[in-house]
There are 2 protein chains.
Amino acid sequence: MPPLPFTRTAIIGAGLMGSSLARALAETRQSATVALYDHSPEVRAQAMALGLGEVTDSLAATVTGADLVVLAAPVGAFEAIATGIAMHLARGAIVTDMGSVKSAAIAAIAPHLPANALFIPAHPIAGTEQSGPEAGFASLFHGRWQILTPLEDPRPEYQAAIARLACLWEALGSKVEIMDPRRHDLVLAITSHLPHLIAFNIVATAADLETVTDSEVVKYSAAGFRDFTRIAASDPIMWRDVFLNNREAVLEMLGRFNEDLAALARAIRWGDGEALEQAFARARGVRRRIIEAGEDSPAPNFGRDREKG
Amino acid sequence: MPPLPFTRTAIIGAGLMGSSLARALAETRQSATVALYDHSPEVRAQAMALGLGEVTDSLAATVTGADLVVLAAPVGAFEAIATGIAMHLARGAIVTDMGSVKSAAIAAIAPHLPANALFIPAHPIAGTEQSGPEAGFASLFHGRWQILTPLEDPRPEYQAAIARLACLWEALGSKVEIMDPRRHDLVLAITSHLPHLIAFNIVATAADLETVTDSEVVKYSAAGFRDFTRIAASDPIMWRDVFLNNREAVLEMLGRFNEDLAALARAIRWGDGEALEQAFARARGVRRRIIEAGEDSPAPNFGRDREKG
């Protein structure tokens, strides 16, 4: 049997993402030991009960001796975690994260790590609207993109670490992509952050209406609204931190969205059917390209959702 | 074997909805004959090739002798269809429709029908983002709401016709609800029309960006955007007609949506994490109520989508 790729992986944050990673590492035998820490005692207890790995009571205990450290917490917690682990990191440890914004993650983490740590920011384009250690599952990363946004660090050991981390994610079933962190934040602002903001917003709007009751909204939600509620059920803390940490790109995309929406509203008000039809017809083309590109596979948790439904 | 509930059902419009109804009627033996007409010769040829029923070349030929007439065309075509069928309708025929807006459907259809016709406006909360006769399937209405918005017509034969139509839809697997047409249009404006408008809009915004390429949008669409593209792939003509014919309710809901979105944008700009977190956390409650109400079953075409993907 070949040696296990990592000796000890420390996962900080045992929610959906961290617990899925722990399960995936165990299933694929990519790490001899998996240690988990979560700032919440309740989550730690759940992680222990689920047998996700060695659950520790401190950041220090988790990362000590780890050759791979993964920050799987909301972005807003990154700076405190980086500060907390810095002096306990093994020499040459690879440090990575699963944050949805990358420039802010780098700014929060990089300055606090020792020079010999090999920090490779990363973002798995995977997830569900569920949260917590019980929501995780080993196949979460199967067939999903894993975006690495490495620092500009020419050291051979850093370049080797990138290759090693890419191999790990491929072993977990992901497709790995290297991207500039600023570009990542711009692309994800339109493909992820703005869609979530819009979904959160329309659900709140619906809930606040005086003219339509909540039970009517729930009852007829299958007509389109329901799909938004699924997206809007995602973790509020995680998303708060995404918006606070990718502010400029999100507000830029939102500005464009608002301009376009104002034009549609005007077309509706003035009965300009041609403008509406043209705008709507274009949207079909984007859908077709997604299907053609094979990016339309259903979320791996689909069956799970259905069981709960 | 009991007598078939209807002798001849005339379906006008052989797209996703009309062709699904034809299939459902055949499968459940609810109509001895099913006749279809579509204004497009190409769609008529497809309907004939698919063996959906008796495909006719004129409105007159389709509705002649029919005891049930179903308008399954975009709302914008209703007035012309009503005018075209009026003088060919059998005495006491039930006329219904599948339009997504009801006040405008009534205004377009009711004035043109003969006094002895029994017009019962209806809206099945069912559909997929596909269009055309090949996209239809018999189980489209299974477990879905069928909203009837009857006129204020105290005649016993009208009340009997409502009961008969409700029975038919129940036989096709739908849950039937009676609603006031204006209320329907208000409720659907928030549960269906606004979500579609928002989805159409964000897809158009993404396609128009200069800073992010189309291929990047497609590649990382799984992060949230993809769900919007599915909704936005719906039939452009049908949706054009929905917005043109439910203008006031849609613009009212859009106004509320815009207010709420402006507040979220402001919270992002000024770093008000608490406001964001509170808004996002509330959205989870709506999702939970949808799941609890059993309104979260996946669309019946889910497997079909996956095959195409």
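Over all chains, the predicted model holds 35 salt bridges, a salt bridge being a side-chain nitrogen of Lys or Arg within 4 Å of a carboxyl oxygen of Asp or Glu. Within chain A, R164(A) forms a salt bridge with D67(A), the closest N and O atoms being 3.7 Å apart. This pair links distant parts of the chain, 97 residues apart, with R164(A) in helix α6 (residues 156–171) of chain A and D67(A) in the loop between α3 (59–63) and β4 (68–71) of chain A; helices (H or I, at least four residues) and strands (E, at least two) are DSSP runs, numbered from the N terminus. Because this is a predicted model, local features need pLDDT of at least 70 and side-chain atom pairs count only at pLDDT 80 or more, whereas totals for chains, interfaces and linings use all residues. Residues are numbered from 1 along each chain as its sequence is written, chains are lettered from A and ligands numbered from 1 in the order in which they are written, and side-chain values use heavy atoms, with hydrogens and water left out.

Across the interface of chain B and chain A, 103 residues of chain B are in contact with 103 residues of chain A, where contact means heavy atoms within 4.5 Å. The two chains bury about 9600 Å² between them, 67% of it on carbon and sulfur atoms, buried area being the accessible area (1.4 Å probe) that two parts lose on being put together, summed over both. In chain B, the residues that lose the most area to chain A are Y220(B), I268(B) and F280(B), which together account for 8% of what that side buries.

Between chain B and chain A, 14 salt bridges are found, and a salt bridge also joins the side chains of E210(A) and R256(B) (3.0 Å, N to O). The two chains have 42 residue pairs in polar contact (both at pLDDT 80 or more); a polar contact is a pair of N or O atoms within 3.5 Å, of which, within protein, one must be able to donate a hydrogen and the other to accept it, and residues adjacent in sequence count only if both atoms are side-chain atoms. The elements that give two or more residues to the side of chain B that touches chain A include β8 (145–148), α7 (181–208) and α11 (247–269) of chain B, and α7(B) gives the most, with 22 residues.

A rotation of 180° with 0.0 Å of shift along its axis superposes chain B on chain A (RMSD 0.0 Å), the superposition being by least squares on the C-alpha atoms of residues with pLDDT of at least 70 in both copies. The two copies are therefore related as by a two-fold rotation axis. Of the residues of chain B, D227(B) comes closest to the rotation axis, at 3.6 Å (C-alpha).

Chain A is divided into domain 1 (6–179) and domain 2 (183–270), with bounds that come from an automatic or database domain assignment. The C-alpha centres of these domains lie 29 Å apart, and about 1200 Å² is buried between them, of which carbon and sulfur atoms give 65%. In domain 1 of chain A, S100(A), V101(A) and E129(A) lose the most area to domain 2 of chain A, together 40% of what that side buries. One salt bridge is found across this domain interface, and the side chains of R230(A) and E129(A) meet in a salt bridge (3.4 Å, N to O).
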